[in-house]
Amino acid sequence: MKEKLQAIQEEALKKISESGDLDKLYEIKVDILGKKGKLTEVLKGMKDVAPEDRPKIGQMVNDTRKEIEDKMEEMKTKLQDKVLEEKMKNEVIDVTLPANKNKIGHKHPNTLALEELERIFTGMGYEVVEGPEIEFDYYNFEALNIPENHPAKDEQDTFYIDRNIVLRTQTSSVQARVMENTQPPIRIISPGRVFRSDAVDATHSPSFHQVEGLAIDKNINFADLKGTLADFAKELFGEDTQIKFRPHHFPFTEPSAEMDVSCFKCGGKGCRFCKGEGWIEILGCGMVHPNVLKMSGIDPEKYQGFAFGVGLERIALLKYEIDDMRLLYENDDRFLKQF
Ligand code: DAH
């Protein structure tokens with residue numbers, strides 16, 4: 001029995017010292033100390049040992065087991081340290097390598113143009129309000145004095161959700177909403193997205209942005225409109241900017257006009273940028289029609305006002321000298337990075 005134990009111990013210690021990795025060590029443990037292991041087999045043979053010898057033999061088995069277990073534990077710690085060391089070696093961080101660059105976002109030209117417009121008008125005491133993009137036919141057309149048979153109401157131009165609800169075609173829809181809820185004086189601008197059933201090209205998109213303006217008070221006249229929009233144009237395009245009004249027709253204003261600014265590239269002489277005109281059209285405007293005031297509950301005998309509507313993309317394209325509107329919607333990083 002003694003020799004047997006000695007042989008097992010010798011074999012075990014040898015195998016342990018040669019094990020080399022944790023898996024192998026575990027295999028050795030099972031082979032010797034496991035349920036069917038060699039040392040366990042010896043214990044099972046105890047029943048054949050004479051009763052008086054049993055304590056002594058028992059002690060010997062325990063000593064052998066302890067010896068093997070200690071050796072195993074020692075080897076296990078060694079091997080674990082080795083694994084850890086290897087792992088650390090592989091995960092070394094080279095602080096001299098160049099870092100991954102973080103891409104920092106920046107503002108879209110539309111946003112830059114909008115912030116500029118908001119800065120100019122809030123500086124003149126205007127408040128910024130927003131209205132819904134899905135709008136009742138009433139606010140988009142009827143309350144703006146646009147008659148039932150007006151061409152703008154054609155399905156060719158307007159996206160209808162049902163007979164009474166449209167995707168708004170203009171931010172002018174916010175005018176009536178504000179007038180219904182607010183007693184004059186009113187000074188608001190209302191930026192937002194509008195929709196028209198247009199095909200995409202360099203100057204058209206089925207969805208674009210406008211900024212509406214509305215001022216209602218006592219004794220407001222066309223000179224106030226001109227003064228306000230002249231200040232706006234100078235702030236936006238430079239102190240030397242001239243403005244020019246051309247008569248136009250909008251159902252919700254009377255009289256109505258389109259406003260041009262002198263070309264800020266050539267100063268009005270005519271160049272490629274203004275297509276030789278010297279002038280660039282930038283907005284529609286006019287004195288709010290008495291019918292529009294009346295429908296929204298404002299007495300046209302007491303109050304007057306002016307309104308205007310600017311295409312935001314148009315301002316962004318002009319200000320940043322971009323020649324194709326589609327670039328604003330493609331989200332090409334190489335383009336957007338330039339602003
Ligand atoms: N809503 C007009 C359009 O989409 C722009 C406009 C013109 C707005 C004259 C106004 C205005 O407020 O007075 O073409």
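**Ligand site and sheets**

Tutor: An oxygen atom of the ligand lies 3.3 Å from a polar backbone atom of Phe-308, a polar contact being a pair of N or O atoms within 3.5 Å; within protein, one must be able to donate a hydrogen and the other to accept it, and residues adjacent in sequence count only if both atoms are side-chain atoms. This is a predicted model, in which local features need pLDDT of at least 70 and side-chain atom pairs count only at pLDDT 80 or more, while totals for chains, interfaces and linings use all residues. Residues are numbered from 1 along each chain as its sequence is written, and side-chain values use heavy atoms, with hydrogens and water left out.

Student: Which side chains have an N or O atom at 2.7 Å or 2.9 Å from the ligand?

Tutor: Gln-170, at 2.7 Å from a nitrogen atom of the ligand, and Gln-210, at 2.9 Å from an oxygen atom of the ligand.

Student: And how many residues surround the ligand?

Tutor: 15, of which the closest are Gln-170, Ser-172, Arg-196, Gln-210 and Glu-212; near means that a heavy atom of the residue lies within 4 Å of the molecule or strand. The shell divides into five nonpolar, eight polar and two charged residues. Here Ala, Val, Leu, Ile, Met, Phe, Trp, Tyr, Cys and Pro count as nonpolar, Asp, Glu, Lys and Arg as charged, and the others, Gly among them, as polar.

Student: Which strands each supply at least two residues of that shell?

Tutor: Strand 6, strand 9 (279–288) and strand 10. Helices (H or I, at least four residues) and strands (E, at least two) are DSSP runs, numbered from the N terminus.

Student: How do strands 6 and 10 pair?

Tutor: They run antiparallel and are joined by eight bridges, with Ile-216 opposite Gly-305 in strand 10. Strands 9 and 10 are also antiparallel, over five bridges, and Gly-284 stands opposite Gly-309 there. Two strands pair if DSSP finds at least two bridges between them.

Student: What is the strand order in the seven-strand sheet?

Tutor: The order is 1-5-6-10-9-8-7, in an open sheet with mixed pairing. Strand 1 (127–128) and strand 7 (243–250) are at the edges with a single partner strand each, so one side of each has no neighbour in the sheet.

Student: Which helix packs on that sheet?

Tutor: Helix 5 (residues 109–123), which touches strand 1, strand 5 (186–195), strand 6 (207–217) and strand 10 (304–311); contact means heavy atoms within 4.5 Å. The direction of helix 5 makes about 165° with that of strand 5. Axes are lines fitted to C-alpha atoms, for helices over the stretch in contact, and angles run from 0 to 180 degrees between N-to-C directions.

Student: New topic. Where are the cis peptide bonds at Pro-185 and Pro-255?

Tutor: One joins Pro-184 and Pro-185, with omega about 5°, and Pro-185 is in the loop between helix 7 (173–181) and strand 5. The other runs from Glu-254 to Pro-255, with omega near -5°, and Pro-255 is in strand 8.

Student: What is the phi of Glu-321?

Tutor: About 55°, a positive value, although Glu-321 is not a glycine. Most residues other than glycine have a negative phi, and most peptide bonds are trans.
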